[in-house]
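Here is a short report on one chain. It covers fold, surface and charge pairs.

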Amino acid sequence: MNQDIYALAYELGEMLANDEHVVKLNSLEEKMSNDKQVISLAYQKDLACSKYSDALSHFEEDSKEVKDAQKDLHQKKLALDSNEIVREYLKAYSDVRDLYNEINHILFSGLSMKMEEHK
């Protein structure tokens with residue numbers, strides 16, 4: 001029985017690796033990681049995140065410094081998320097996440113009830 005499970009798990013892994021949604025996501029991830037504008041926008045967002053975190057560490061949450069840092073972080077995140085490649089990637093990511101959730105539901109939906117019976 002274990003070998004059947006391993007064989008099925010391997011087959012599922014192969015099917016997922018070749019699924020059009022996963023292939024598209026991987027392709028977009030590579031494209032995104034090689035795009036100079038995306039890299040720059042991500043770096044600017046990371047800097048703004050660090051500045052916001054630092055501001056929270058040193059000032060009250062409702063202070064001007066924290067509010068300014070939060071606004072800057074929001075603007076940098078919005079700029080990154082507005083990039084065409086990033087938008088495509090996020091859509092593809094959502095599609096793959098939905099696929100994985102569906103598989104998870106099929107495989108494990110009855111498991112929690114069976115585990116409750118054994119308590």
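The sections below go from overall shape to individual salt bridges.

## Fold and shape

This is a predicted model. The chain has six helices and zero strands. In sequence order the pattern reads α-α-α-α-α-α. The chain is more spread out than a compact globule, because its radius of gyration is 21 Å, well over the 14 Å that the globule rule gives for 119 residues.

The C-alpha trace spans about 60 × 40 × 20 Å along its principal axes. Contacts between residues at least 6 apart in sequence were also sorted by separation: 68% of them join residues at least 24 apart.

## Surface and charge

Of the 119 residues, 19% are buried. The accessible surface of the chain is about 9,600 Å². Carbon and sulfur atoms account for 54% of that surface.

The chain carries 15 positive and 24 negative charges.

## Salt bridges

The structure holds five salt bridges. Two of these are within helix α4. Lys-76 pairs with Asp-72, with the closest N and O atoms 3.4 Å apart. Lys-77 pairs with Asp-81 at 2.7 Å. In the Lys-76 and Asp-72 pair, the residues are four apart in helix α4 (residues 64–82), so about one helical turn separates them.

Lys-76 is partly exposed at 24% relative accessible area, and Asp-72 is partly exposed at 24%. Lys-77 is partly exposed at 39%, and Asp-81 at 24%.

Another salt bridge joins the side chains of Lys-45 and Asp-46, at 3.1 Å from N to O. Lys-45 is partly exposed at 21%. Asp-46 is partly exposed at 42%.

Conventions
Residues are numbered from 1 along each chain as its sequence is written. This is a predicted model: local features need pLDDT of at least 70, side-chain atom pairs count only at pLDDT 80 or more; totals for chains, interfaces and linings use all residues. Side-chain values use heavy atoms; hydrogens and water are left out. Helices (H or I, at least four residues) and strands (E, at least two) are DSSP runs, numbered from the N terminus. The radius of gyration is taken over C-alpha atoms; the globule rule is 2.2 Å times the number of residues to the power 0.38. Buried means under 20% relative accessible area, exposed over 50%, partly exposed in between (1.4 Å probe, protein chains only). Contact means heavy atoms within 4.5 Å. Accessible areas come from the Shrake-Rupley method with a 1.4 Å probe; for residues, only the protein chains shown count as cover. Lys and Arg count as positive and Asp and Glu as negative; His and the chain ends are not counted. The place of a charge is taken as NZ of Lys, CZ of Arg, CG of Asp or CD of Glu. A salt bridge is a side-chain nitrogen of Lys or Arg within 4 Å of a carboxyl oxygen of Asp or Glu.
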